[in-house]
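Please open the model in a viewer and keep the selection tool at hand.

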Amino acid sequence: MTETRRRSWAEPYKIKMVEPIRMTTRAEREQAIAEAGYNTFLLKSEDVYIDLLTDSGTSAMSDRQWAGMMLGDESYAGSRNFYHLEAAVREIYGYKHLVPTHQGRGAEHILSQITTKPGDVVPGNMYFTTTRLHQELAGGAFVDVIIDEAHDPASEHPFKGNVDLDKLQRVIDENGPEKIPYVCIATAVNMAGGQPISLANLKAVRALCDAHGVRIIHDATRVAENAYFIKEREPGYGDKSIAEIVREICDLTDGCTMSAKKDALVNIGGFLALNDEELFDAARNTVVVYEGLHTYGGMAGRDMEAVAIGLHESVEYEHIKARVGQVLYLGTKLQEFGVPIIVPIGGHGVFLDAKAFLPQLDQDVYPAQALTAEIYLEGGVRTMERGNVSSGRDPKTGENRRPKLEMVRVTIPRRVYTQAHMDVTAETIAEVYDRRASIKGLRMVYEPKVLRFFQAMFEPL
Ligand code: F0G
């Protein structure tokens, strides 16, 4: 009997401070979502009950991080917290040089400005919205070289973040290595559903890039989550620590852009880290134009201290196991209710397959966007569209890109919500699933020029 009894695990922390949240009425939510133009980015957070819009900047900091905040050295130049952060980046990631920025897109901007010229191409394992925009603003074009399985919601491939080496080889052959400022490799690929890349694949990418003298820049935003999946799934890594795996990933790349608002467990911050001296010199010179002096780059000293501590916490096994475990818990519940989700369940959220959820809707009436509005109406749960709206228009044709993956991201902030919140979320989505046949699409009535998903407005059809 005792052999078969379930042994639960629990979060490796207890709660020291709470922030009240409030459930709204259906009538209040109807008004709020209409005023927000059916865009969850335009809702006021006080009108949201459980906020699963993003895992970005929404983490609960630890008591150690809050203690670190009190040790901020707010000097304009040479703050002690910068040196702490530099030491943490060197120790955990192994990159030589640090250029702090206010958040991830600040690092992407600097990197694109110093590496990319008109006519260049940047291959990568699936686009990310801000990353691709900065590549395009610098005159480059993003080329997707992720494996085909990543675009298939039902493929159970354990490493859907892998690069298709033939696709990468073709981009290099067709354009020449001199047109490729770098290959952009994301870990725990966000737009694929938080899917990992394997170390075996990354080693092969490294060998191919070395053969052509091409750099690899790592989007390290969720590298610890990727490392956890490698430990769980990749032969030979079961006994390695998360820190060792993170280091091995970083050692195969030439630098990184980082949104510290995710893995590093802070509410604001980011950086660019580089091994190459010349590139570092250019980055250090450019950061002063757009972000701030090279020893703070848009962050307060106290924020740099919190990032430094958060980086250490991000690679603690008990932390990352509970973090990814909570996502798995929610995803498994949704599967039990029959809700179609992207598999395998990813690292930072559960991604609903909106095409399978709402097969009656064409992609140009924005099924994922409509679904985010319905989930909010049902139970005050805020999620995010990751489909045709996020993907935007092709700059050449002006048409909607109509990506293969039409998804709603149910994103889990780190250390913020309990298992009960996950239960309520799953039940809310299951209710919407039960009445899916009656759900209609949306028409876009206001469309911003860039990154339209943040501010676009819609009307029900
Ligand atoms: N790279 C990845 C993989 C990201 O997920 C993000 C942000 C960025 C770069 C940009 O970083 O926001 O600090 O400027 N992702 C957030 C999200 C916005 O909700 O997924 P940032």
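The lining of the largest cavity consists of 6 nonpolar and 4 polar residues, with no charged residue. This is a predicted model. To display that lining, select Gly193, Gln195, Ile341, Ile342, Pro344, Ile345, Gly346, Gly349, Val350 and Phe351. Across the whole structure, the search finds 1 cavity of 30 Å³ or more.

## The largest pocket

Next, select Met17, Ala60, Met61, Arg415 and Val416, which lie nearest the centre of the largest pocket among its 42 lining residues. The pocket has a volume of about 1,600 Å³. Colour domain 1 (26-55 + 317-460) and domain 2 (63-314) separately: both contribute to the lining, so the pocket lies between them. Helices α2 (63-69), α12 and α16 (419-434) are the elements that each supply two or more lining residues. The largest contribution, 5 residues, comes from α12. By class, the pocket lining comprises 16 nonpolar, 11 polar and 15 charged residues.

## The contact of α8 with α12

On the α8 side, show Ala224, Glu225, Tyr228, Phe229, Lys231 and Glu232; on the α12 side, show Tyr317, Ile320, Lys321, Arg323 and Val324, which they meet. The residues of this contact divide into 6 nonpolar and 5 charged, with no polar residue.

Conventions
Residues are numbered from 1 along each chain as its sequence is written. This is a predicted model: local features need pLDDT of at least 70, side-chain atom pairs count only at pLDDT 80 or more; totals for chains, interfaces and linings use all residues. Side-chain values use heavy atoms; hydrogens and water are left out. Contact means heavy atoms within 4.5 Å. Helices (H or I, at least four residues) and strands (E, at least two) are DSSP runs, numbered from the N terminus. Ala, Val, Leu, Ile, Met, Phe, Trp, Tyr, Cys and Pro count as nonpolar, Asp, Glu, Lys and Arg as charged, and the others, Gly among them, as polar. On a 1 Å grid over the protein atoms alone, a cavity is a set of points where a 1.4 Å probe fits but cannot get out, and a pocket is an open set with protein on both sides within 12 Å along at least five of seven lines; lining residues have an atom within 4 Å of a point. Grid points are joined across faces, edges and corners, and a volume is the space filled by probe spheres set on the points. Domain bounds come from an automatic or database domain assignment.
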